[in-house]
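Thanks for asking me to look this one over.

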Amino acid sequence: MPEFRQMNQRYIIFTITTLLFFQTIGFSFDRKEKSPIVYNHSAKTITISVPDKSLSITIDYSAGCIIKKLNIKGKNVLSSKGIYTGIQTKTETFNSAGRLSNIKITENPKRVTISGITYGNSALSINETWDFKLTGDKVIWSIEREYNNDAVLVDMAFPKWNFLNLAVWKGGIIDNGGMVWCKYLKQKDDTYGVHTGGVTFWNANSGNALRIKAKPSPGNFIASKYSHSKDNEFTSTQLVTDTLLQQRYNLSRFVAEQANVFAPFKVKKGKIKTEYELQYVDYFTEYSRGKLPGIDVEAVRELMNTTGRYGVVDNNIIGANGWLTNWKCLHEAFFAQIGMALGDENYTKNMSSTLDQERDQAMLADGRVLSRWHNVPGDEIPGTYNPKTGYYEAMWGYTIDSQTGYIINASEQFDLNGDVKWLRAHQVACEKALDWLIKHDTNHNGIFEMMNNNIAEKKASDWLDIVWASYENSFVNAQMYEALNLWANCEKVLGNRQKESYYTEVAVRLKTAFNKSVDKGGFWLPAKKQYVYWRDNDGSVHGDNLVTPVNFAAIAFGICDDPERISQILDQVEQRAKSENLFHWPLCFDSFKREEVSDGNWPFPKYENGDIFPSWGYLGIRAYANYDKTIAIKYINNLLRQYKKDGLSSQRYSRITQTGLGDDILAGICTSITALYRDIYGIRPKWDRMGIEPNMTADLNGTQFNYKLRNTVYQLRLSVNDYFMSSTSFSVKCKNSFGASKNGNKLTFYPENKESMTLEVDAASQHRIDLAVSNWDTTAFSWSVSSPDFYQFTIKGLQPGCYLHIGINNQFKNVKVKTDGSITIKKLCNTLTKFVVRKAV
């Protein structure tokens, strides 16, 4: 059988040769588990994949060293340039994509190290080591760079990500709470730079997202820039240095048609290292807004992740005018509220540091809060612009609502961060800001005065900066009422009952004066059933043209609580809006007088004299939420429909055509949606608890979503008179508003989300507590627990010495309230146990 033996030998040789070939190119015949790192030695590539293949990268070291492919769900998102590292000096550019000769690969089953990545010249040589390892569903990329000399660089790539085009991602959610929206990088080399390194890029059509977490070594700083490249790519570049980067052009974070946004910087001889965590994210799941019947949940998600975040200019600068124009108005009181609706800990952290910076850099010694921040001078009252900080007084006049804006934002921010130490660090500044305005009551009538006296001066005193509102301004005073009440509560938390009482008394006096009719020195105009805008120092009254933010603020902030007046104002506004079929409210329904406004507001309707500015939508929603919820929800849905048309990428909307106008895009346009969360769903966190105060309609029944507050995720289910809150350690069900917190084994229930009375449920074990409150009013309290444990129930805030009738599963007895206003009930609850407390007969 010589022929058979010869054929068998040839078959064995062929098989061995084939196996060796496939092994050489990195192909594995192991059916049990394919290696997550595949080496193709002949092509000089390395492919690293996470277990479910949702993310993979291919490193190419055949010439230089780059990440050639970054596959998201099997689709490469990179351009042919890939991802590389590099530097740029004043005269030359070097990067890892150039020809390299000494690359060394160290192979491990779940780790690969690439060393010898050397580029540069004799004056400045760079030697890098890239290390990749798999950790669960993440690829960890560590870059260690060594400079052989000190040098001054114009730019660096540490690294640079070159994406295929500006359509790969809708944008990126930055880890300071902001975002880059690719469509805003319209021209080649348009560049936006921030002082942070992490980002989540997302595609709103596919739901695919790429999260990049940046971890520079201790003592180093990281910055990023996002650009529209000359080849129409979308690029993201990190820069890692040992000092904080400065801006190249004044204080500009965004520059048009310029690739470099940061100033030249020094690097030192030696090593510097950073680490990036790459992860595929299911965007639809990660940023889910839950189930929102009657509301376009997709539009809510996208609006809040784009326009809602756009006001974040950089670290320590959160505003509304946004990064395209490099502007921030401090006289806007809704930035913390936007953070409440976002529920993003990065935004919340940045907002706290923003207020820190404004306390330190934007407040004058006498307590005056400067009104604006901008990258360049030119908009300021002469002599007020600080080129180092960017803060100044607006050229249009002293806008006094920056005082109230700081107070309102600080007070509401405290309810989000829950940091008493942080609040205490703002106590002196907030008191100074309030006292500055309190001193401006020279006629002692309880209404606070502006810096300008009358329309002849042609100066503004609030956000409507080319309307000559003067002297006694009702819009600012309504905000002052809110600021006084919010800060009085903060003084209570800080233990200063004297200051709490003082600011409360000032607020009461203001409310009384505010609500007087105009002929008696107040702002109410009975003939037109509205609050007027301002009074000059000669006693003349102005702004009786149904100015919506003025009248909305009076109702929303509670300085007007007269049901008849509320009805007269809101019915009138709705009738006027319906008659013109407006999708949102204009700043005023009728024209100001010619002498009351700048040329830029003429003829009516134009700009602040009649156009639609949705930035003040939250005041309208808040005003209607307690009057006619259906109207509030109508305008919320109108705004969401408009977002789907144009992204709300405008400053305002024409009263006549209802199309977007103005290059100065305002993030405040999202506030009607933040009010959806605050005033309809009732998300009302407090510094020491989570709270909900819903205003639901039947159309919204079945609303469900998660809300994250201070590292706790709360599951919320909301229907009319049926509210449910749950975390990993407790649940509460109630038909009324409430707050709840769990510390250790103790659950505290706050009826109506107030501190005046509480129910404490103290369990013997650390097990979950499930509480259902069926009734809590002035006559009786009833609740049940369904989680087995031995409990001590304590009700605080009762009338001392009175007798109460207490029932446990219909077994009753009388108990006398202690001198501290509390009662205590102890009970072993093995099954569902019901409790009733009512006044003894």
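1. A term to start with: a crossing is left-handed if the near helix is turned anticlockwise from the far one by less than a right angle, and right-handed if clockwise. Helix 13 passes helix 15 in a left-handed crossing. Helices (H or I, at least four residues) and strands (E, at least two) are DSSP runs, numbered from the N terminus.

2. Please keep in mind that this is a predicted model, where local features need pLDDT of at least 70 and side-chain atom pairs count only at pLDDT 80 or more, while totals for chains, interfaces and linings use all residues. Residues are numbered from 1 along each chain as its sequence is written, and side-chain values use heavy atoms, with hydrogens and water left out.

3. Back to the helices. Helix 13 (residues 563-580) and helix 15 (residues 629-646) pack with their axes 12 Å apart, at an angle of about 40°. That makes helix 13 oblique to helix 15. Axes here are lines fitted to C-alpha atoms, for helices over the stretch in contact, and angles run from 0 to 180 degrees between N-to-C directions. Angles under 35 degrees count as roughly parallel, over 145 as roughly antiparallel, 65 to 115 as roughly perpendicular and the rest as oblique.

4. Who meets whom? In helix 13, Glu574, Ala577 and Lys578 meet Ile631, Lys634 and Tyr635 of helix 15 (contact means heavy atoms within 4.5 Å). The residues of this contact divide into 3 nonpolar, no polar and 3 charged. Ala, Val, Leu, Ile, Met, Phe, Trp, Tyr, Cys and Pro count as nonpolar, Asp, Glu, Lys and Arg as charged, and the others, Gly among them, as polar.

5. Now the charged pairs. The whole structure has 44 salt bridges, each a side-chain nitrogen of Lys or Arg within 4 Å of a carboxyl oxygen of Asp or Glu. Glu482, Arg622, Arg678 and Asp679 are linked in a network of them.

6. Lys230 pairs with Asp189 in a salt bridge, with the closest N and O atoms 2.3 Å apart. Lys230 sits in the loop between strand 19 (221-228) and strand 20 (234-241) and Asp189 in the loop between strand 15 (179-181) and strand 16 (191-194), so the pair ties together parts 41 residues apart in sequence. Lys230 is exposed at 55% relative accessible area, whereas Asp189 is buried at 11%. Buried means under 20%, exposed over 50%, partly exposed in between (1.4 Å probe, protein chains only).

7. Asp441 and Arg509 also form a salt bridge (3.5 Å, N to O). Asp441 is buried at 7% relative accessibility, and Arg509 is partly exposed at 44%.
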